[in-house]
Amino acid sequence: YKERYNIPEAQTILRGTLRYQGFPQFVKALVDIGFLNSENQAILSASNTDPLSWKDLTANLLNSPSSSAAELLEIIKTKISTNDAELRSRILSGVKWLGILNETIQVKKAGTYLDTLCARLEDLMQYEAGERDMVILQHKFEIENKDGSQETRTSTLLDYGIPDGVTSMAKTVGVPCGISTQFILDGKITRTGVLAPMTPDIYEPIMNELLKEGVYCVEETLN
C-alpha cells in the first residue's frame, strides 16, 4: 500500500479488520476440526435422504467411534491450539453455540462441510425483526510535519443499515460496484483491465456519486 498510495515517506503502515476477541482462534479451531473442508462428501449429498443430526455429523468428521457429546467435546479440545484458558473457554462456548454437538438439530446437507456449516450459520445469524447492521471504516494518520510538529488526522466512514431493509454491508459493497459499472457503460471509465481505485480519474467521480447516496467519510484533525 505504500507504493499503491504513493507515500514512500510513510514509516509504518498497518491495515486490518477488527474482530471480536478470540475470533481468529475460533476459526482456526473450525479449520483443525475439518469444518472448512470444501470437498464434496457423500454423507452430505442432496441425494442422501437419511436423517442426520449435527452430533452424528461431527462424530463422522472427527472419525470418532462414539457420538457421545461429552467424548466429542474432549476430541475437539485437542484440536484447539491455544493454551490460553480464557480463549479456550471462548472457543468451546462458540462450539456449543453452533450446535454441532446437538442430537436434535438436523443438518441441512449442502454437499461439503464448509457449505453445510455456512447453512447452519445462516440459520443462527439472520437479522431479527427491526435489527440493522453497522459498517465502520477509518483511516488514521500519525503525521510529523517538516517543522517537527506532530498531528493526528482521521477519515471515518460510519454507515447504518435500514431495519428490515437494505443492509449497510450490501449498500457499501454494492453501490460502488453499481456506480463503477454505470461509468463504464456511459464511457466515463475507458481504461481496460483490472483497475484498483487508486488514481483520481477513477476514485474522485465515484466518491462524488457515493456522496449523493449518503456514503462518505468525515475528515478530522485530532490534535
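Modeller: Two strands count as paired if DSSP finds at least two bridges between them. The model is predicted. In it, strand β1 (residues 134-144) and strand β2 (residues 150-160) run antiparallel and are joined by 11 bridges. One of the residues involved is Ile143, whose bridge partner in β2 is Glu151. The hairpin of β1 and β2 has five residues between the strands, and Gly148 takes a positive phi near 90 degrees there.

As for the rest of the chain, it is divided into domain 1 (23-125) and domain 2 (134-222). The C-alpha centres of domain 1 and domain 2 are 38 Å apart.

The largest nonpolar core has 25 residues, and Phe35, Leu57, Ile76, Ile100 and Leu101 touch the most other members. Two or more residues of this core come from each of α1 (23-33), α2 (54-61), α3 (69-79), α4 and α5. A second, separate core has nine residues, including Val135, Ile179, Phe183 and Leu210. Beyond four places in sequence, Ile100 touches Phe35, Trp54, Lys55, Thr58, Ile76 and Val95.

Thr112 lies in the loop between α4 (85-98) and α5 (113-124). Thr112 counts as buried because its relative accessibility is 4%, and the cut-off for buried is under 20%. Apart from neighbours within four places in sequence, Thr112 is in contact with Asn37, Ser38, Glu39, Asn40 and Leu44.

Definitions and conventions. Residues are numbered from 1 along each chain as its sequence is written. This is a predicted model: local features need pLDDT of at least 70, side-chain atom pairs count only at pLDDT 80 or more; totals for chains, interfaces and linings use all residues. Side-chain values use heavy atoms; hydrogens and water are left out. Helices (H or I, at least four residues) and strands (E, at least two) are DSSP runs, numbered from the N terminus. Buried means under 20% relative accessible area, exposed over 50%, partly exposed in between (1.4 Å probe, protein chains only). Contact means heavy atoms within 4.5 Å. Domain bounds come from an automatic or database domain assignment. A nonpolar core is a set of buried Ala, Val, Leu, Ile, Met, Phe, Trp, Tyr and Cys residues joined through side-chain atoms within 4.5 Å.
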